[in-house]
Amino acid sequence: MDGTKKVLLASPRGYCAGVDRAVIAVEKALERFGAPVYVRKQIVHNIHVVTELEAQGAIFVEEVDEVPEGAHVVFSAHGVSPAVVNAASDRGLQAIDATCPLVTKVHREAVRFAKSDYEILLIGHDGHEEVEGTAGEAPDHVTVVNSPADADTVVVKDPSKVVWLSQTTLSVDETMETVRRLRLRFPHLQDPPSDDICYATQNR
C-alpha cells in the first residue's frame with residue numbers, strides 16, 4: 001500500500017432547483033435594491049454559498065425582528081410559518097418569498113387537511129426550519145414524528161382521521177419505514193395526494 005487515497009464524487013450532487021431558485025432570488029434582490037438585503041436563516045446549508053452572498057451584501061439573520069423596519073428580507077427555500085409572515089408585515093418589511101414550490105405544496109396540504117379536521121403526522125426533524133414552517137400552518141393539527149421509533153409511541157385523538165406528510169429533504173427509505181410503522185398502528189392512515197420528498201433528495 002502506497003498510502004494513496006481515491007476520492008469518489010457522488011452524482012448527482014450540488015443543491016436542488018428550489019435552493020438554486022432561492023439563491024438567485026437573493027442575488028436579484030441585491031441587484032435591484034442594493035445592499036443590504038436581509039435573509040431569514042441560511043438560504044442554503046453551504047458555508048461557501050453563504051459567504052459569497054455575504055460578500056455581495058446579504059445579511060443573514062435568525063428572525064425578522066433583527067431586520068430594520070422597512071428593509072427587504074428574503075424567506076429561505078425552507079419556507080416560513082404564517083406567524084413569521086405576519087411578524088414581517090408588522091415591521092413593514094418588504095418580504096421576498098423564496099420558498100421552494102414543493103415546500104409550498106406541503107404547506108397547502110397541511111392547511112387543507114386541517115380544514116377537514118384531520119390530525120397530521122408530519123414526518124421530519126423537530127426544530128428544522130422547514131418543519132417549523134409546515135407545522136405553523138396548522139399548529140393545532142400537526143404532530144411531528146422524528147423517526148421510525150417515534151411512530152411506535154405517537155398518540156392521535158381519532159385514528160380514523162389521520163394523514164401523514166413529510167419534510168421534503170428526508171431519506172426515502174427512512175420515511176417509508178416510518179409510514180409502515182404508523183400504518184401498523186393506524187390502518188386508516190391516509191397518504192398525501194402526491195410525493196412530498198424532493199426529487200433531488202431521492203436521486204441522491
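This is a predicted model: local features need pLDDT of at least 70, side-chain atom pairs count only at pLDDT 80 or more; totals for chains, interfaces and linings use all residues.
Reader: Why is A95 called partly exposed?

Author: The relative accessible area of A95 is 44%, and the partly exposed class lies between the limit for buried, under 20%, and the limit for exposed, over 50%, so A95 is called partly exposed. This residue is found in strand 4, which covers residues 94-97, and, leaving aside residues up to four places away in sequence, A95 touches V73 and F75.

Reader: What makes strand 4 an edge of the sheet?

Author: The sheet is open, has 4 strands in the order 2-1-3-4, and is paired in parallel. Strand 4 and strand 2 (58-61) each have a single partner strand, so one side of each is left without a neighbour in the sheet, and this is what places them at the edges. From one strand to the next, the twist averages 30°.

Reader: Why is the pair formed by F113 and Y118 called edge-to-face?

Author: A pair of aromatic rings is described by the distance of the centres and the angle of the planes. By this rule the count comes to 1 aromatic pair, formed by F113 and Y118, with 5.5 Å centre to centre and 75° between the planes.

Reader: What makes the charged end of R112 count as sitting over the ring of F113?

Author: The charged end of R112 is 4.7 Å from the centre of that ring, and the distance cut-off is within 6 Å, with a further condition of within 35 degrees of the ring normal; R112 is listed as sitting over the ring of F113.

Reader: Which residues have the most contacts inside the largest nonpolar core, and which elements give two or more residues to it?

Author: The largest nonpolar core has 22 residues, and those with the most contacts inside it are V26, I43 and L53. Two or more residues come from each of helix 1 (17-33), strand 1, helix 2 (47-56) and strand 2, and helix 1 gives the most, with 7 residues. Not counting residues up to four places away in sequence, L53 touches several residues, including V23, V26, I43 and F60.

Conventions: Residues are numbered from 1 along each chain as its sequence is written. Side-chain values use heavy atoms; hydrogens and water are left out. Buried means under 20% relative accessible area, exposed over 50%, partly exposed in between (1.4 Å probe, protein chains only). Contact means heavy atoms within 4.5 Å. Rings of Phe, Tyr and Trp (its six-membered ring) pair if their centres lie within 6.5 Å; planes under 30 degrees apart count as stacked, over 60 as edge-to-face and the rest as tilted. Two strands pair if DSSP finds at least two bridges between them. Axes are lines fitted to C-alpha atoms, for helices over the stretch in contact, and angles run from 0 to 180 degrees between N-to-C directions. A nonpolar core is a set of buried Ala, Val, Leu, Ile, Met, Phe, Trp, Tyr and Cys residues joined through side-chain atoms within 4.5 Å.
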